[in-house]
Amino acid sequence: MLEPAVSASRTATPVCVLNPLNEEIVLGFDFGTRRIGVAVGNGVTRQARPLALIADTAEVRWRRIGELIGSWQPARLVVGIPRHPDGTSHELTARCERFARQLEGRYRLPVARIDERYSSTAVTGRRDDEAAAVILQQWFDEDSYLASLPPRPQAERGNGRSTSPGDVEKE
């Protein structure tokens with residue numbers, strides 16, 4: 001991945017950034033009509049933690065989200081999508097889907113959606129930033145995180161040859 005490096009004189013120089021351990025930053029969101037909880041995590045530790053509560057008008061919300069994205073430079077975003085225990089749509093399902101599409105459109109980042117059926121009930125005190133951390137942690141813990149990673153080269157065996165999954169070693 002090429003990312004511009006900005007020096008003190010503000011000239012951009014392309015720098016090749018290799019990310020072998022997938023150190024990408026991920027922001028998670030728990031959307032609500034009054035507040036949005038935000039959490040942060042990374043691909044190395046695969047641990048999420050609460051980051052911010054955003055409770056204001058839509059205009060201020062988007063500005064604050066933009067500031068967080070600018071500060072943290074995430075590689076992707078995760079949005080919790082509420083559903084009833086039986087999996088049917090919740091009254092906020094469509095609004096959360098819309099919020100996820102708006103994030104994609106405004107920030108041009110991939111946005112994963114994850115079922116957040118029990119995230120708010122898993123949090124004591126119903127703190128939305130903590131619910132966002134539960135949502136993001138669930139995403140890290142599920143196969144959806146692993147499926148989003150770029151393919152890694154096959155590990156070499158002791159004989160110096162690389163192998164493919166279909167290769168069979170003869171004795």
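1. Phe29, Phe31, Trp62, Phe99 and Tyr107 form one aromatic cluster, where rings of Phe, Tyr and Trp (its six-membered ring) pair if their centres lie within 6.5 Å, planes under 30 degrees apart counting as stacked, over 60 as edge-to-face and the rest as tilted. This is a predicted model, in which local features need pLDDT of at least 70 and side-chain atom pairs count only at pLDDT 80 or more, while totals for chains, interfaces and linings use all residues. Residues are numbered from 1 along each chain as its sequence is written, and side-chain values use heavy atoms, with hydrogens and water left out.

2. The face of tryptophan 62 has arginine 106 over it, at 4.0 Å from the ring centre; the criterion asks for NZ of Lys or CZ of Arg within 6 Å of the ring centre and within 35 degrees of the ring normal.

3. The count of aromatic pairs comes to five. Tryptophan 139 and phenylalanine 140 form a tilted pair, 5.5 Å centre to centre with 55 degrees between the planes, and both residues are buried (under 20% relative accessible area, with exposed over 50% and partly exposed in between, for a 1.4 Å probe and protein chains only).

4. Strand β3 (residues 25-31) is largely enclosed by the rest of the structure, because six of its seven residues are buried; strands here are DSSP runs (E, at least two residues), numbered from the N terminus.

5. Strand β4 (residues 36-42) runs antiparallel to β3 and is joined to it by seven bridges, pairing requiring at least two DSSP bridges. The two form a hairpin with four residues between them, and glycine 28 has alanine 39 of β4 as its bridge partner.

6. With strand β6 (residues 76-81), β3 pairs in the parallel sense over four bridges, and arginine 76 in β6 is the bridge partner of valine 26.
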